[in-house]
Amino acid sequence: MQDGIFSETEIGTPQGSVISPLLSNIYLHHVFDIWAHEWRQAAGRGHMIIVRYADDTVCGFEHEADARAFLADLKTRMESYELSLHPDKTRLIEFGRNAAKDRAKRGLNKPETFTFLGFVHFCGVTRSGRFSLKRKSRTDRMQAKLKVIKIALHRRINDSIPEIGRWLGQVVRGYFAYHAVPNNIESLSTFRHSIIRLWHRLLNRRSQLAGWTWEMVARLAQQWLPMPRITHPWPDARFAVKHPR
């Protein structure tokens, strides 16, 4: 249905349709998942890991030759099913525990980063100097979220402070529920600070005297908004979980 006119289609799925994600997963399970497993057994020479969520995929390889061969074969596989890889989002990068050291030997800069499921992933080290995969929330996604909240907050300009406080508290808790991963405390703090700033502007906009100071709004935030803290487990705890069976 487009502009009130119905047209029957025989290929593809409607963008935004509730059935589209399910159909895409069924299709990709055959086109990508099963094929990738068979490729790993037949052509892979080293360790290989694949993480796919809907049509977003990250593949890791022990050997660069495997990565290049897999990408070439994947393009052919996709084309045979009338699919294609996004040219700007499909990249081969050097990443992992030895990437920084190997690149430094060749006089190159630090390893590249990649984005996946709303996070920027980058190579880091722990306090003891060991390799650590680190994540931080994507800045562009956070700014887009804040713009939506700003519009919704303006609609509540005549609501009472407790009503706004309860609503903003739900917004912040919802954001933290997804983004409170290890090493991401700075992004959580930035998001909360931005929410307080929007609330500060709203209160002064609806007050003729503009008498709301930052300290006053900060006290409101302390009452209504949760403090940033990491709630997701660290990888060593997450992967140590064993099934009862």
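Trainee: Which elements cover the buried residues of helix H4?

Mentor: This model is predicted. In it, the cover over the buried residues of H4 includes strand E5 (131-137), helix H5 (161-179) and helix H6 (185-205).

Trainee: Where does H4 lie in the chain, and how many residues does it have?

Mentor: H4 runs over residues 139-155 and has 17 residues. From its first C-alpha to its last it reaches 25 Å, which is close to the 24 Å expected at 1.5 Å a residue.

Trainee: Which residues of H4 are buried, and why do they lie on the same side of the helix?

Mentor: Residues count as buried when their relative accessible area is under 20%. In H4 these are Met142, Leu146, Ile149, Ala152 and Leu153. They lie on the same side of H4 because they cover an arc of only 125 degrees around the axis.

Trainee: Which residues are exposed on the other side of H4?

Mentor: Lys147, Val148 and Arg155 are exposed there.

Trainee: How should I describe two packed helices?

Mentor: Such a pair is described by the angle between the two axes and the distance between them. Take H4 and H5 as the case here: they pack at an angle of about 165 degrees, and their axes are 12 Å apart. An angle over 145 degrees counts as roughly antiparallel, so H4 is roughly antiparallel to H5. The two helices make a right-handed crossing.

Trainee: Which residues make the contact between H4 and H5?

Mentor: H4 contributes Met142, Lys145, Ile149, Ala152 and Leu153, while H5 contributes Ile164, Trp167, Leu168, Val171 and Tyr175.

Trainee: What is the arrangement of H6 and helix H7?

Mentor: H7 comprises residues 214-224, and its axis comes within 10 Å of the axis of H6, the two crossing at roughly 125 degrees. The two helices are therefore oblique to each other. H6 passes H7 in a right-handed crossing. On the H6 side, the contact is made by Arg192, His193, Ile196, Arg197, Trp199, His200 and Leu203. On the H7 side, it is made by Trp214, Val217, Leu220, Ala221, Gln222 and Trp224.

Trainee: Which residues of H7 are buried, and what covers them?

Mentor: Val217, Leu220 and Ala221 are the buried residues of H7. They line one face of the helix, because they fall within an arc of 100 degrees when seen down its axis. Their cover includes H5 and H6. On the other side of H7, Arg219, Gln222 and Gln223 are exposed.

Trainee: May we turn to single residues? Where is His47 placed, and is it buried or exposed?

Mentor: His47 is found in the loop that lies between helix H1 (20-42) and strand E1 (48-53). Its relative accessible area is 64%, so His47 is exposed.

Trainee: Which residues are in contact with His47, leaving aside its neighbours within four places in sequence?

Mentor: They are Gly60, Phe61 and Glu62. Phe61 is 14 residues from His47 along the chain, yet their C-alpha atoms are separated by 6.0 Å.

Trainee: In which strand does Ile50 lie, and how does its accessibility count?

Mentor: Ile50 is part of strand E1. Its relative accessibility is 26%, so Ile50 counts as partly exposed. Leaving aside neighbours within four places in sequence, Ile50 is in contact with Phe32, Ala36, Thr57, Val58, Cys59 and Phe70. Ile50 and His37 are 13 residues apart in sequence, and 9.3 Å apart from C-alpha to C-alpha.

Key:
Residues numbered from 1 in each chain as written. Predicted model: local features only at pLDDT ≥ 70, side-chain atom pairs only at ≥ 80, totals over all residues. Heavy atoms only, no water. Helix = DSSP H or I, 4+ residues; strand = E, 2+ residues; numbered from the N terminus. Expected span 1.5 Å × (residues − 1). Buried < 20%, exposed > 50% of the residue type's maximum accessible area, 1.4 Å probe, protein only. Arc of directions from axis to C-beta. Contact = heavy atoms within 4.5 Å. Axes fitted to C-alpha atoms, helices over the stretch in contact; angles between N-to-C directions. Parallel < 35°, antiparallel > 145°, perpendicular 65-115°, else oblique. Left-handed = near helix turned anticlockwise from the far one by under 90°.
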